[in-house]
Amino acid sequence: LKLSVPEFKEFLGTYNKVTENCFMDCVRDFTTRDVKPEESSCSESCLQKYLKMTQRISMRFQEYHIQQNEALAAKAGLLGQPR
């Protein structure tokens with residue numbers, strides 16, 4: 001997989017935003033350098049939720065486009081005709 005520069009910039013922007021959001025939600029104690037177990041598990045859950053959300057949005061987006069293409073094909077009279 002090879003990313004173009006704009007794709008890589010988008011990836012880094014998304015990565016930074018997720019990292020910042022999960023950090024702000026999960027890290028509460030700045031009195032030690034150690035990562036507490038609850039901070040670690042919170043961060044992992046945060047990332048998992050983001051990944052699942054992204055996957056679900058992608059699936060819905062694909063379903064929407066399939067429906068739109070089928071609707072356009074039906075409107076054009078292309079569905080149901082033998083090839």
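A disulfide here is a pair of cysteine sulfur atoms within 2.5 Å. The model is predicted: local features need pLDDT of at least 70, side-chain atom pairs count only at pLDDT 80 or more, and totals for chains, interfaces and linings use all residues. Residues are numbered from 1 along each chain as its sequence is written, and side-chain values use heavy atoms, with hydrogens and water left out.

**Exercise 1. State which pattern the disulfides of the chain follow, and place each pair.**

Step 1. Count the bonds. The structure holds two disulfides.

Step 2. Take Cys22 and Cys46. Their sulfur atoms are 1.9 Å apart.

Step 3. Take Cys26 and Cys42. Here the S to S distance is 2.0 Å. Cys26 lies in α1 and Cys42 in α2, so this pair ties together parts 16 residues apart in sequence.

Step 4. Number the bonded cysteines along the chain. The pattern is 1-4, 2-3.

**Exercise 2. Find the handedness of the disulfide of Cys22 and Cys46, and of the disulfide of Cys26 and Cys42.**

Step 1. For Cys22 and Cys46, the torsion about the S-S bond is about -85°, so the disulfide is left-handed.

Step 2. For Cys26 and Cys42, the torsion is about -70°, so this disulfide is left-handed too.

**Exercise 3. Decide whether Cys26 is buried or exposed, then classify Cys42.**

Step 1. Set the cut-offs. Buried means under 20% relative accessible area, exposed over 50%, and partly exposed in between (1.4 Å probe, protein chains only).

Step 2. Cys26 has a relative accessible area of 7%, so it is buried.

Step 3. Cys42 has 26%, so it is partly exposed.

Step 4. Turn to the other pair. Cys22 and Cys46 are buried.

**Exercise 4. Describe the annotated stretch, residues 7-63.**

Step 1. Read the record. An unreviewed UniProt entry annotates residues 7-63 as "domain: Tim10-like". Positions follow the numbering used here, feature names are shortened, and annotations may be inferred rather than shown by experiment.

Step 2. Check the fold content. Over residues 7-63 the chain is 82% helix and 0% strand (strands are DSSP runs of E, at least two residues).

Step 3. Compare the ends. The end C-alpha atoms of this stretch are 23 Å apart.

Methods:
Helix = DSSP H or I, 4+ residues; strand = E, 2+ residues; numbered from the N terminus.
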